[in-house]
Amino acid sequence: GATAVVLNGPRHFLMDSVTGARTGRVRSFHGQRLREVAALPIRTPAEMAQTPYTERTVDRTNVWRWKAGRRIFELIAPGGTRYVMQAYAQIVDRHLTLGRLPRLGSRLHLPAGWRYRSRVLRRPLALGATGSTTILQDDLQDTYQRVPLVPPRGTRLHRVHLRGAAKTVGSPTPGTLEDRGTVRGTPFGAGQATLVVRLAAGTATGTFRFVTKRGSARGTLDLTYVISGDEITFDGTASFTGGTGAYRRITGQRLKAHDHNHLDGQSGTFSLDGEVAY
């Protein structure tokens with residue numbers, strides 16, 4: 001593959017070719033002549049941190065291509081979401097080489113339920129980015145691109161853009177909170193929402209359920225939270241696991257989830273963005 005020199009160390013790209021790339025002009029940075037090929041939006045100081053196994057959105061327009069017979073390296077998250085390694089880095093480990101990648105999984109500190117695999121492509125692979133794409137890095141700063149969700153036969157993809165409001169109505173078990181409220185947006189329209197989460201040391205895991213005129217949809221939440229003053233903010237991912245009516249075959253992983261509330265739990269707002277298939 002080709003080699004890219006970046007400001008914090010070398011990265012080695014693994015694909016066979018790239019097409020449709022929109023690039024900027026060559027500019028000099030500390031004696032290096034570099035061309036912009038992608039942009040990483042930074043909205044808050046926290047987004048400056050390189051947190052392993054955390055999705056980031058990159059502004060980019062191109063198509064990475066791998067030929068049949070090429071060995072690729074993937075991360076697979078719970079629920080089946082796949083990420084293909086686009087570049088390995090010699091930043092954390094300057095001795096990392098292509099030949100060591102098939103056995104890299106034993107060195108990574110993968111989150112619970114994640115796995116690393118190496119396989120040979122039976123057919124060509126193309127991963128496109130039309131304006132933006134989703135990437136993440138492992139704890140050695142190797143970079144992976146998320147593989148788009150492929151809808152099961154007989155279903156199609158739908159963009160999800162939901163906004164809601166909810167209040168805490170009780171605590172079913174110690175350390176667990178239940179919120180109820182309303183939700184509105186694409187593709188469900190208006191409906192009722194129930195969210196149940198268990199809090200533990202900065203993390204929140206739980207379930208959600210939306211009920212609409214056309215049926216219901218349910219899923220799981222995997223969040224982290226930060227308390228500032230009398231406010232609490234949750235960020236993480238959500239996965240759809242099933243439903244009824246029009247949504248009985250719904251599936252979708254790694255949607256972006258956000259929730260903001262006061263500690264009294266009476267003024268919560270939440271959002272959900274991504275893709276589902278049904």
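Modeller: Happy to! Two strands count as paired if DSSP finds at least two bridges between them, and strands are DSSP runs of E with at least two residues, numbered from the N terminus. This is a predicted model, where local features need pLDDT of at least 70, side-chain atom pairs count only at pLDDT 80 or more, and totals for chains, interfaces and linings use all residues. Residues are numbered from 1 along each chain as its sequence is written, and side-chain values use heavy atoms, leaving out hydrogens and water.

Let's start with the barrel: eight strands close up in the order β14-β15-β16-β17-β18-β19-β20-β21, with antiparallel pairing. From one strand to the next, the twist averages 25 degrees (axes are lines fitted to C-alpha atoms, and angles run from 0 to 180 degrees between N-to-C directions).

Now for the loop between β13 (143-146) and β14 (157-170), where threonine 155 sits. Threonine 155 counts as buried because its relative accessibility is 14%, the cut-off being under 20% relative accessible area with a 1.4 Å probe and protein chains only. Beyond its neighbours within four places in sequence, threonine 155 is in contact (heavy atoms within 4.5 Å) with Arg249, Ala277 and Tyr278.

There is also an open sheet of three strands, β3-β7-β11, paired antiparallel. Its edge strands, β3 (17-19) and β11 (125-130), each pair on one side only. Strand β7 (residues 61-66) meets β11 over six antiparallel bridges, and tryptophan 64 is bridged to leucine 127 in β11.

Key: Helices (H or I, at least four residues) and strands (E, at least two) are DSSP runs, numbered from the N terminus. Buried means under 20% relative accessible area, exposed over 50%, partly exposed in between (1.4 Å probe, protein chains only).
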